[in-house]
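Open the model in your viewer and keep the selection panel at hand. We will go from one interface out to the whole chain.

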Amino acid sequence: FKGGDTCEYLLSSGRFLGEQVWQPHSCMMHKYKNSEAKNCLIDKHVVFIGDSRIRQLFYSFIKLINPQVKEEGNKHGNIPFEDKSASIKVDFLWYPEVNGSMRQRIKSWTEGSVAKPHIIVAGAATWSIKIHNGSNEALTQYKINITSIAPLLEKLAKSSDVYWVLQDPVYEDMLSESRKMITNEKIDAYNEAAVRILNSSSRNSKAKVKMFSVSKLIAQETIMKSADGLHLPESSRDTNAMILMNVYCNKIMKPIDGSCCQPQPPLTLIQKLAFCFFTLSIIGYLIINLIHRNNFRKNKSCTDLESGEEKKPAISTPNVSTLEMLLHSFCKLGLIMTYFYLCDRANLFMKENKFYTHSSFFIPIVYILVLGVFYTENTKETKVLNREQTDEWKGWMQLVILIYHMSGASTFLPVYMHIRVLVAAYLFQTGYGHFSYFWIKGDFGVYRVCQVLFRLNFLVVVLCIVMDRPYQFYYFVPLVTVWFMIIYATLAIWPQIVQKKANGNCLWHFGLLLKLICLLTCIYFLSYSQGAFEKIFSFWPLSKCFELNGNVYEWWFRWKLDRYVVFHGMLFAFIYLALQKRQMISEGKGDPLFSNRVSNVLLFISIVSFLTYSIWASSCKNKTECNELHPSVSVVQILAFVLIRNIPGYVRSVYSSFFAWFGKISLELFICQYHIWLAADTKGILVLIPGYPMFNVLVSTFIFVCVAHEISQITNDLAQIVVPKDNSTLLKRLLCIAGFFSGLLLFSAMQDQSRH
């Protein structure tokens with residue numbers, strides 16, 4: 001850890017990922033769009049002063065504001081640019097040498113009568129080498145001249161951002177005869193002089209001219225692609241301009257995926273209260289632990305001198321053990337949340353941008369599939385979608401999704417479309433699992449609802465508090481929570497139709513189908529009525545849960561993307577349980593699900609359907625169009641997979657314990673990845689061990705999986721305490737939880753008011 005000044009790293013160091021993606025050392029660089037660049041530079045005046053290389057940087061910079069700009073006009077003269085819509089002025093001033101003329105221009109900005117530019121980018125040297133034929137006298141004069149302008153630049157740096165661009169190396173073999181004297185040796189000498197003089201002038205001053213030296217590193221990799229050996233290729237110039245934009249704009253725009261030059265966010269009131277709570281929990285647990293140890297020593301088994309019998313220590317009361325368990329859970333959770341905060345809010349660990357290659361996605365996929373097959377065991381039961389099988393399904397899907405996020409594979413459309421099916425399959429299981437429970441058990445009690453809601457939402461609520469993120473940010477949990485409540489409402493509303501009742505009269509089956517049709521109608525209506533959907537979820541306090549960036553559009557998009565798949569899961573569960581009740585399927589160990597002929601036909605249709613969907617997804621050309629079709633067709637591949645996995649008796653009788661283990665903590669894995677495996681809220685990659693990418697992934701993954709497993713255990717322990725089976729006690733706990741969320745809303749409103 002060398003400190004939190006990532007601006008210095010951005011300006012001085014980095015490496016290429018692939019051919020054109022620049023990765024600064026230790027931080028993430030945001031790719032600015034035209035609208036973002038305009039918002040950042042509104043009412044700003046930017047000046048580029050120097051030679052033809054600075055002119056190139058000038059053009060790349062203004063193209064970030066207006067891509068339609070063409071490189072035309074007098075190359076050896078001043079070039080103005082203005083964007084009137086945002087009141088942005090960017091000027092290029094032709095001063096190819098560091099001399100008296102450049103000094104006079106810079107001096108004019110230090111005088112009170114002239115408006116100072118907000119950003120000044122300066123640099124020159126190659127003309128001095130060329131005109132004076134690389135003489136040592138020219139270098140001596142360059143040192144004198146730059147020494148004379150250094151105090152002026154320092155004075156400007158107190159109120160403006162001043163950057164001195166060091167000279168890029170040249171490709172000597174491609175230089176024309178008139179430029180042969182411009183050698184890399186000479187350029188290094190001029191750069192060394194500039195760095196020594198400009199750095200020494202700021203030694204005793206807070207203001208500092210920033211050295212733009214990263215361009216040298218970029219040029220070393222790309223100068224051989226230059227057209228003349230002197231000027232950088234366009235892609236390298238664009239990278240330099242983007243770095244310059246990040247240096248100035250990140251602290252203003254605060255992009256999530258631009259961690260360079262961003263200060264650590266201040267602690268909010270809610271975060272401070274959470275810190276106090278966890279601190280008190282840790283202290284409380286330590287005190288109780290010490291008391292117990294002390295009591296244990298006092299009541300330690302000792303030999304009775306008269307009878308020779310051992311006296312057993314007194315047994316702790318249940319209340320103390322419950323309190324200890326509560327404090328122990330919060331103690332562990334507090335330490336884990338500290339790690340979360342350090343990873344993704346404090347500027348302690350490095351973060352890097354993602355970079356997709358086919359090998360970075362498919363090689364880990366093949367590796368985990370081999371591992372999964374290696375850990376094959378027999379299932380305890382051979383029913384369709386039994387517990388081991390659904391855990392296995394969740395597990396391998398979650399691992400694939402994790403690799404997808406880590407590798408940045410969302411840029412590759414065929415992979416994106418298949419991952420969308422995996423997310424839909426999770427929701428399909430939500431519909432299937434909850435419908436099956438309510439249909440078979442007929443348990444619509446408050447205890448069941450509270451248990452499910454607590455297990456789904458506990459971690460996310462804690463992260464919203466500790467990481468200062470809205471609930472909708474962790475979009476998958478709101479999605480499964482709302483769908484659970486929809487399933488519950490559909491089946492719990494009068495008339496309550498369950499399997500026991502339907503067995504007595506077949507007409508109840510039609511009643512349930514009518515309920516499902518009503519549900520489908522509502523889903524269809526809301527999916528084509530964005531206004532009605534947004535009105536429902538814009539009411540306070542629902543808006544506090546489902547708004548992201550001031551509106552509910554993100555929630556609308558996420559809900560709409562998989563709007564039918566939960567219904568498909570419910571319908572599949574209904575049909576399967578009806579067939580099972582009438583003994584129309586065979587679920588014995590090793591037996592095919594249907595007769596041999598029917599099983600073979602269904603298996604053939606399923607394989608063809610599965611492959612057909614994959615071919616369609618792989619041929620997708622437009623993400624928007626494919627997303628429109630996805631809600632209706634994703635069920636094809638999901639059902640095909642379920643049938644392929646369950647029709648053959650042998651396949652249904654085995655499962656992968658490796659995948660099933662991950663499946664049991666799949667929700668925790670999905671949520672924890674946001675902050676302690678990935679970084680910058682999933683936009684980048686957490687770097688615990690810089691310089692060793694593979695070792696870093698191994699270490700961060702090990703910690704990440706252990707933390708997810710521990711949080712799963714904590715959630716299960718707290719669920720037993722916070723959500724008791726006794727109704728009167730449960731009611732009191734619900735009132736306490738309502739009070740907690742009311743306080744949270746109050747503090748959140750106070751925070752919002754202070755921010756505005």
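How many residue pairs are in polar contact between domain 2 and domain 3? The count is 2, with both residues at pLDDT 80 or more. Keep in mind that this is a predicted model.

**Stop 1: the two domains.** Select 349-723 for domain 2. Then select 727-755 for domain 3. Their centres, taken over C-alpha atoms, lie 29 Å apart.

**Stop 2: the interface.** Show the residues where these domains meet. Domain 2 brings 12 residues into contact with 12 residues of domain 3. Together the two domains bury about 850 Å². Carbon and sulfur atoms account for 69% of that area. Now look for salt bridges across the interface of domain 2 and domain 3: the rule finds 0.

**Stop 3: the domain 2 side.** Select α15 (446-466) and α28 (693-722). These are the elements that give two or more residues to the side of domain 2 that touches domain 3. α15 gives the most, with 5 residues. Colour that side of domain 2 by residue class: 10 residues are nonpolar, none are polar and 2 are charged.

**Stop 4: domain 1.** Select 39-212 together with 221-238. The assignment gives both segments to domain 1.

**Stop 5: the whole chain.** Zoom out and switch to cartoon. The protein chain has 29 helices and 13 strands. Its C-alpha atoms fill a box of roughly 100 × 80 × 50 Å along the principal axes. Colour by accessibility next: of the 756 residues, 50% count as buried. Finish with contacts between residues at least 6 apart in sequence: 77% of them join residues at least 24 apart.

Methods: Residues numbered from 1 in each chain as written. Predicted model: local features only at pLDDT ≥ 70, side-chain atom pairs only at ≥ 80, totals over all residues. Heavy atoms only, no water. Domains from an automatic or database assignment. Contact = heavy atoms within 4.5 Å. Buried area = accessible area lost by both parts, 1.4 Å probe. Salt bridge = Lys/Arg side-chain N within 4 Å of Asp/Glu carboxyl O. Polar contact = N/O pair within 3.5 Å; in protein donor to acceptor, adjacent residues only side chain to side chain. Helix = DSSP H or I, 4+ residues; strand = E, 2+ residues; numbered from the N terminus. Nonpolar A, V, L, I, M, F, W, Y, C, P; charged D, E, K, R; others polar. Buried < 20%, exposed > 50% of the residue type's maximum accessible area, 1.4 Å probe, protein only.
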